[in-house]
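Me: I would like to learn how to read a few features of a protein model. Please show me the structure first.

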Amino acid sequence: MVSLWMALSAAVVAAAVAALVLRPLRAGGQRGPFVIAMLALGLAGGALYLLVGTPDAAERTAANDEPATLEDGIQALEQALAKDPQRADGWALLGRSQLALGKLDEATAAFDRAVRLAPDDPGVLVEAAQARAQAAPGKQFDDQALQWLRHANALAPESERAGWLIGIALRQRGQDAEAANAWEALLPRLEPGAARALREQIAIARGAAGLPPLVETPAPAAAGDHALAVQVRFAPGTAMDPAWSNATVFVIARAPDGPPMPVAVQKHPASRLPLLVTLGDGDSPMPTSTLSQLQEVEVVARLSRSGQANRQPDDVETAPVRVRLPHAGPVSLVFDRP
């Protein structure tokens, strides 16, 4: 407990020194860089104490013992690692610090040492792979980096970051189908907003691989849940005009005979049609007006060439469908054109 408090004290002291050293950033109106740099120095000071500090050292009054800049902190950390080079956490901290200074080669070398000392630490493996890619021409994940990411994913399958980076590495190699598979495995663990963003990348990868759009089966609604499954498609014999290939489809639920503001809406690339989605309270643009508050809704899909949320004159909509909630089975929405 004493060491923890001493580490926190070291962090506070380092942050205070940072505030003085970095004051020109704040005076120049650069509040963001000022805050980030101050926090980085504070964390580095605390972490450095945990690596090399002792309670007795905290009692020293000589101000020169405290690192004044991040570079000074790095130098002190390098000296500590020279005395105790078996600290994987120390090498990882050095790698993060070098990254903060933009010293990519030095950061990569530090993370390499950390991986050799902690080859089964998922966090270290992912950071090392990412640092290696940042230092590589074209920001490419090489075979070593991909191997580290796969190992991290095997050790911690719940790691969203490892899965995401594996997909990027595979896309860089032109392995689009494999990238889509890697990203699809992440979908059940993501929040609705993050999942929607990832689905857009999956759609691009599947399209590049010549695969059909991903069709997901929505989870059944629990008792009392107003989640609503919606299926959107083109009418038989109707195909999308190539001029609309980059269009966006909005799937909308709104109050019948009420304001046009949706109570739930999702946005997807039109290239994903046919589409099966589940609308819920997490899709409400206004937390004060949600799907579960209504007993009846009107559901409609809209194709927007511009991608704008507000309806444009050339947008194409399906016929609206009115349903009572909760509703069993998907609501079918059909585009007759383009």
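Reply: Helices here are DSSP runs of H or I with at least four residues, numbered from the N terminus. The model is a predicted one. Helix α9 is followed by G174, whose phi is positive, near 80°.

Me: Which residues of α9 are buried?

Reply: The general idea is that an α-helix has 3.6 residues a turn, so residues three or four places apart point the same way. In α9 the buried residues are A162, G163, L165, I166, G167, A169 and L170. They pack against α7 (122-135), α8 (143-155) and α10 (176-184).

Me: How many aromatic pairs does a search of the whole structure find?

Reply: A pair of aromatic rings is described by the distance of the centres and the angle of the planes. The search finds two pairs. W164 and W183 are stacked, at 5.0 Å centre to centre and 25° between the planes. W164 is in helix α9 and W183 in helix α10, so this pair ties together parts 19 residues apart in sequence. W164 is partly exposed, at 34% relative accessible area, while W183, at 3%, is buried.

Me: What are the distance and angle for F234 and F335?

Reply: Their ring centres are 5.8 Å apart and the planes stand at 45°, so the pair is tilted. F234 lies in strand β1 and F335 in strand β8, so parts 101 residues apart in sequence are tied together. F234 counts as buried at 17% relative accessibility, and F335 is buried at 0%.

Key:
Residues are numbered from 1 along each chain as its sequence is written. This is a predicted model: local features need pLDDT of at least 70, side-chain atom pairs count only at pLDDT 80 or more; totals for chains, interfaces and linings use all residues. Side-chain values use heavy atoms; hydrogens and water are left out. Buried means under 20% relative accessible area, exposed over 50%, partly exposed in between (1.4 Å probe, protein chains only). Helices (H or I, at least four residues) and strands (E, at least two) are DSSP runs, numbered from the N terminus. Contact means heavy atoms within 4.5 Å. Rings of Phe, Tyr and Trp (its six-membered ring) pair if their centres lie within 6.5 Å; planes under 30 degrees apart count as stacked, over 60 as edge-to-face and the rest as tilted.
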